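Me: I'd like a close look at one strand in this model. Could you walk me through what surrounds it, with the cut-offs spelled out as you go?

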Amino acid sequence: MGSDLMEYQNPALAVDAAVRCGDTVLLIQRGNPPWKGTWALPGGFVDYGEDPEVAVLRELKEETGLDGDIVKLIDVKGDPNRDPRKHIVSIVYEVNAEGEPVGGDDAADARFWPISDVLNGSLEIAGDHVEILSKWLAE
């Protein structure tokens, strides 16, 4: 029977934390490919058996040192070509967090950037995160 079972290819599941503080937004500088050196929302992959809401707060803590609280779901990105590694679906949560971020885990840096710099193209933003940020910040 085991040999008759079909292997399914499923997308990987990731989460991203969108944290705003006044007229600034929290971004991490990617320490690894793809998009190494560019800025992105803090986030990462959901572990097997982990709730995405737990994962987003874990990733926020690992990459920025900040504790947070989920405010709401703001976006789900699932274009099969959004990441060169493989098909990755990302759930984006708005998260409240305060404090001074410090880059950790696979984040080379973490800091709050003026929203104007994020939206006017002053920063090199990873993948589709500029689209996520533009949509979210326009609300």
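Reply: Let's start with a pairing: I28 stands opposite A40 in β4. That puts us in strand β3, residues 24–30, where strands (E, at least two residues) and helices (H or I, at least four) are DSSP runs numbered from the N terminus.

Some ground rules before going on. This is a predicted model, with local features needing pLDDT of at least 70 and side-chain atom pairs counting only at pLDDT 80 or more, while totals for chains, interfaces and linings use all residues. Residues are numbered from 1 along each chain as its sequence is written, and side-chain values use heavy atoms, with hydrogens and water left out.

Back to the pairing. Two strands count as paired if DSSP finds at least two bridges between them. β3 and β4 (residues 39–40) run antiparallel, joined by 2 bridges. Strand β2 (residues 20–21) is also antiparallel to β3, again with 2 bridges, and R20 has V25 as its bridge partner. β2 and β3 make a hairpin with 2 residues between them, and G22 in that turn has a positive phi of about 60°.

Then there's β8, antiparallel to β3 and joined to it by 7 bridges; L26, for instance, has F112 as its bridge partner there. D109 also sits in β8, which spans residues 107–114. Skipping residues up to four places away in sequence, D109 touches L27, I28, Q29, W39 and G103, where contact means heavy atoms within 4.5 Å. The D109 side chain also makes a polar contact with the R111 side chain at 2.5 Å. For that term, you need a pair of N or O atoms within 3.5 Å; within protein, one must be able to donate a hydrogen and the other to accept it, and residues adjacent in sequence count only if both atoms are side-chain atoms.

How covered is β3? Mostly: 6 of its 7 residues are buried, meaning under 20% relative accessible area with a 1.4 Å probe and protein chains only (over 50% is exposed, in between is partly exposed).

L27 is also among the residues with the most contacts inside the largest nonpolar core, together with V118 and L133; that core has 16 residues. Such a core is a set of buried Ala, Val, Leu, Ile, Met, Phe, Trp, Tyr and Cys residues joined through side-chain atoms within 4.5 Å. β3, α2 (115–119) and α3 (129–137) each give two or more residues to this core, and α3 gives the most, with 4. Leaving out neighbours within four places in sequence, V118 contacts V25 and L27, among others.
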